[in-house]
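Please look over the sequence and the model shown here, and then follow the paragraphs below, which move from a whole chain to single pairs of side chains.

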Amino acid sequence: MTESSWRMPRWFHQMGSPKWFYGFAGILQPWFAIAALGLLTWGAVWGLAFAPADYQQGNSFRIMYVHVPAAILSQSIFLGMAVAGAVGLVWKMKVAFMVARSCIAIGATFTAIALVTGAIWGKPTWGAYWVWDARLTSTLVLFFLYAGIMALNQAISERHIAGKATAILAIVGTINIPIIKYSVEWWNTLHQSSSFTLTAKPSMPADMYLPLLLTVLGSYCLFALVVLMRTRSQIVQSQSGASWLMQHRDITGA
Amino acid sequence: MLMHPKRRKKLILILALLAGTGVIVGLVLYALSQNINLFFSPSDMAQGKAPAHQRIRAGGMVREGSLVRATDSLKVRFVITDFVENVNVDYTGILPDLFREGQGIVAQGKMNDEGIFVADEVLAKHDENYMPPEVIQALNEAKAASSGAPKSNSQAIATQTVKETSK
């Protein structure tokens, strides 16, 4: 790691400019909106109505088309939030703190969806809504982390300090992510191992797997859309009165 | 645009913070690993790792052909196995829908003096494989035709089919 190799690409610094980010995010937004709507509709209709029922669980397995994307996103968003926070800390980028702040509520929502759908599925399949096994407990901890980060971020009124404090908590909290991911392998749990990995062959036929892949991709697009929207609204709030913003076609409607 | 020494220092600090927390949490989890496990396997119980006369969870496969139901009550008796050791389980109550022979279960209860695990709760463990019923039926028919004896929809078959279909 010589000094000359520590060069960050140009786009990285451009993304740190509120003006540049605002414009770039504005271009991306409609594409993510279309992709999210298309993929989620396609995946949901295929998965919920046309995919074959499971030989043991019958139709109750279909809840995985909501549960699995929500669970995957809850962890990915946490990592994304921590990376954005770290970038904000190291390069002092306001926009990065804004992105991290945008992630909190979205991640908490996906975690809540994963917990609730898991409980609904658990009752008919396992015989219990909740079991204190490693996977479920670590996911509950993830939800509490999101809640703590949200509270910390709201409690400090000075944005830059709030961003720093949030980032540190998010970075420390990422320790929980590998624990969630590998909990089903490291310990005896009631929760089954992953059905959906990028590294191994799917443990279900294509008719069941592909709709899941679509809803996962669609959820990522939905997340991207909402994070860009929320970050843009923060930029508008922090830059209100800036001349570049006043001239922007989104604001003037021209 | 070289990376500023101040920034690099900060980045290293963040990575050190992450590594430090990781080591601490790792050690804590390692120390607690026996408590984090949801259940004891029959081998654990045979080796005396499970505390005696305490409410514990036991987990394993319901051995094929071991389920005996009482005719006048909801009492059932079955054997759970990890293919090394076996544990006899007594349970009175309604079993979950997914309970069947060859399926993994987790039972909560106490070991009695006769070495029988008296459960007050039985949970079915589902594995990560999903399969349409027609596929299972076709596989069972093929299996019955080749071996001459019809077999139940056991987990072993399901696991096998996934391996076969993914080849």
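Chain A exposes about 11700 Å², of which carbon and sulfur atoms supply 69%; accessible areas come from the Shrake-Rupley method with a 1.4 Å probe, and for residues only the protein chains shown count as cover. This is a predicted model, in which local features need pLDDT of at least 70 and side-chain atom pairs count only at pLDDT 80 or more, while totals for chains, interfaces and linings use all residues. Residues are numbered from 1 along each chain as its sequence is written, chains are lettered from A and ligands numbered from 1 in the order in which they are written, and side-chain values use heavy atoms, with hydrogens and water left out.

Of the 254 residues in chain A, 51% count as buried, where buried means under 20% relative accessible area, exposed means over 50%, and partly exposed lies in between (1.4 Å probe, protein chains only). Chain A holds 10 helices and zero strands, with helices (H or I, at least four residues) and strands (E, at least two) taken as DSSP runs and numbered from the N terminus. The C-alpha atoms of chain A fill a box of roughly 60 × 40 × 40 Å along the principal axes. When contacts in chain A between residues at least 6 apart in sequence are considered, 75% of them join residues at least 24 apart, a contact meaning heavy atoms within 4.5 Å.

On the surface of chain A, Ile27(A), Trp31(A) and Ile34(A) form a nonpolar patch with about 390 Å² of accessible area together. Such patches are made of residues with over 30% relative accessible area and no salt bridge, nonpolar side chains (Val, Leu, Ile, Met, Phe, Trp, Tyr) being joined within 5 Å and like charges within 9 Å. Ile34(A) sits in helix α2 (residues 18–50) of chain A, and Ile34(A) counts as exposed because its relative accessibility is 56%.

The next topic is charge. Side chains of opposite charge can pair when their charged atoms come close. Over all chains the structure holds three salt bridges, a salt bridge being a side-chain nitrogen of Lys or Arg within 4 Å of a carboxyl oxygen of Asp or Glu. In one of them, Asp120(B) pairs with Arg55(B), the closest N and O atoms being 2.5 Å apart. Asp120(B) lies in strand β6 (residues 116–124) of chain B and Arg55(B) in the loop between α2 (42–46) and β1 (56–62) of chain B, so this pair ties together parts that are 65 residues apart in sequence. Asp120(B) is partly exposed, with a relative accessible area of 45%.

Another salt bridge joins the side chains of Arg77(B) and Asp90(B), at 2.6 Å from N to O. This pair links distant parts of the chain, with Arg77(B) in strand β3 (residues 75–81) and Asp90(B) in strand β4 (residues 86–92) of chain B, 13 residues apart. Arg77(B) is partly exposed at a relative accessible area of 39%, whereas Asp90(B) is buried at 10%. Asp44(B) and Lys49(B) also form a salt bridge, with 3.9 Å between the closest N and O atoms; here Asp44(B) is buried, with a relative accessible area of 14%, and Lys49(B) counts as partly exposed at 46% relative accessibility.

Finally, where do the two chains touch? Thr21(B), found in helix α1 (residues 5–36) of chain B, touches Val172(A) and Ile175(A). Thr21(B) is buried, with a relative accessible area of 18%.

Technical notes. Lists of a residue's contacts leave out its neighbours within four places in sequence.
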